[in-house]
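Me: I would like to learn how to read this model, one feature at a time. Please give the general idea and then the case at hand.

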Amino acid sequence: MKRRDVLKWMGASFVALQAPSTFASTLPMKATAKKKLVWIVLRGALDSLHWIPPMHEKRQMQKLRPNLFAAISDKVLPLDQNFALHPALPTVHQWYREKQATPIVATYSGYGKRSHFEAQDYLERGGHQETNDDGWLARLVKVINSDSLAVARSTPISLRGDHDNLNWYPSNLPESDDGLFERLMHLYEESPILSERLAQGIALDEMTGLKRVKKVGRFPQLALSCGKLMNENPSVQVSMLELGGWDTHNQQAIRLSRRLQELDNGLKQLRIGLGNQWDDTLVVVATEFGRTAAENGTMGTDHGTASAILLAGGAVKGGNVLGDWPGLAPSNLYAGRDLKPTSNMYQWINTAVAQHFQLSDTQMKYLKTQQPLTDVSLIRTAVIA
């Protein structure tokens, strides 16, 4: 008996796994909803001056980072008269031209130190909350009465809370033969719960197709599966992906070129997986903090302050670069070394989320995200189409 036949025999419906080796409890289905949010955390602190270089400050860029800027300056993908994209981001560039992507520069989470772990926790909590069991995304899920999905081995802080969350990550274990599934069906036939969980797992295996991918766990495959899972399950409106490897203290030009290409391919696959749902999707890409304005002696950069975020998706009113640019002259640098933040990223995220899900001020207050660096009234931009 083939796995597909076993699935039909059980009559099971799709649901994600709670962990790589165990099956999740089936969550109650919510009312069918279209709006989707995908939160992507780039762990390690991505250098915004490298992925969104300020081309109107060529002279300062050449002074601050002669090697890093020279590696990309003649290959960048133009955005507007001031900024461009790293050449490894053609998908994001195409979305920008289609008015489905908007970078926001010189922004930060509100965290004022340079510790990766503290900054990532702070980012995922949404700011000033002190417990790691209360993520900002989990609070949003509760507000919109949705299910959520984390494509991760364990539940990230962003989705920790008092709601049910679906976790899924592909297994690296050898693929089982079809006969094993038939034997397990017979073994579990006296247990409705175990039988249901097994059928659910088989359904997920068939739907994602990652068992047929040799290199499971790569970001493009994970993003594709995330999109498919959201597309197949209408109750999952919110999901989270993560990608590490952005801590580029040395050889940044080579390392970021590879990493940005992986991110770009992943975003492309996410859109494919979402299918028609893309038109109602908001993607938020953020990192914990930025990096120093000047390159260091090993052709890398060190921990800094301001960075950038990206809003993308069919729901976004894109095609422009937002944020108040502080400049790179020595007198404009934060602490004499970093790009200075001019806005809090949660000003922008709150604006996008409120517009996307049409949330009231009362509902937004429940998110309890970090208070803005500047008056929130300064941001009235329509970021959702």
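Me: In which sense do strand S8 and strand S9 pair?

Reply: Strands of a sheet pair through backbone hydrogen bonds, either parallel or antiparallel. Here S8 (residues 281–287) and S9 (residues 307–312) are antiparallel, joined over three bridges. Val285 has Leu310 in S9 as its bridge partner. Strands are DSSP runs of E, at least two residues, and helices runs of H or I, at least four, numbered from the N terminus; two strands pair if DSSP finds at least two bridges between them. This is a predicted model, where local features need pLDDT of at least 70 and side-chain atom pairs count only at pLDDT 80 or more, while totals for chains, interfaces and linings use all residues. Residues are numbered from 1 along each chain as its sequence is written, and side-chain values use heavy atoms, with hydrogens and water left out.

Me: What is the order of the strands in the open sheet?

Reply: The order of the eight strands is S6-S5-S7-S1-S8-S9-S4-S10, with mixed pairing. Strand S6 (165–168) and strand S10 (343–344) are the edges, each pairing on one side only.

Me: Is Gly245 buried, partly exposed or exposed?

Reply: Buried means under 20% relative accessible area, exposed over 50%, and partly exposed in between (1.4 Å probe, protein chains only). Gly245, in the loop between S7 and H11, has 38% and is therefore partly exposed. Beyond its neighbours within four places in sequence, Gly245 is in contact (heavy atoms within 4.5 Å) with Arg43 and Arg259.

Me: Why is helix H6 described as largely enclosed?

Reply: Helix H6 (residues 116–125) is largely enclosed by the rest of the structure because seven of its ten residues are buried. Among them are His116, Tyr122 and Arg125. The buried residues of H6 pack against S1, helix H7 (136–144), S7, S8 and helix H12 (345–357).

Me: How many cavities of 30 Å³ or more does a search of the whole structure find?

Reply: On a 1 Å grid over the protein atoms alone, a cavity is a set of points where a 1.4 Å probe fits but cannot get out; lining residues have an atom within 4 Å of a point. Points are joined across faces, edges and corners, and the volume is the space filled by probe spheres set on them. The search finds two. The largest holds about 40 Å³, and its lining includes Ser48, Trp325 and Leu339.

Key: On a 1 Å grid over the protein atoms alone, a cavity is a set of points where a 1.4 Å probe fits but cannot get out, and a pocket is an open set with protein on both sides within 12 Å along at least five of seven lines; lining residues have an atom within 4 Å of a point.
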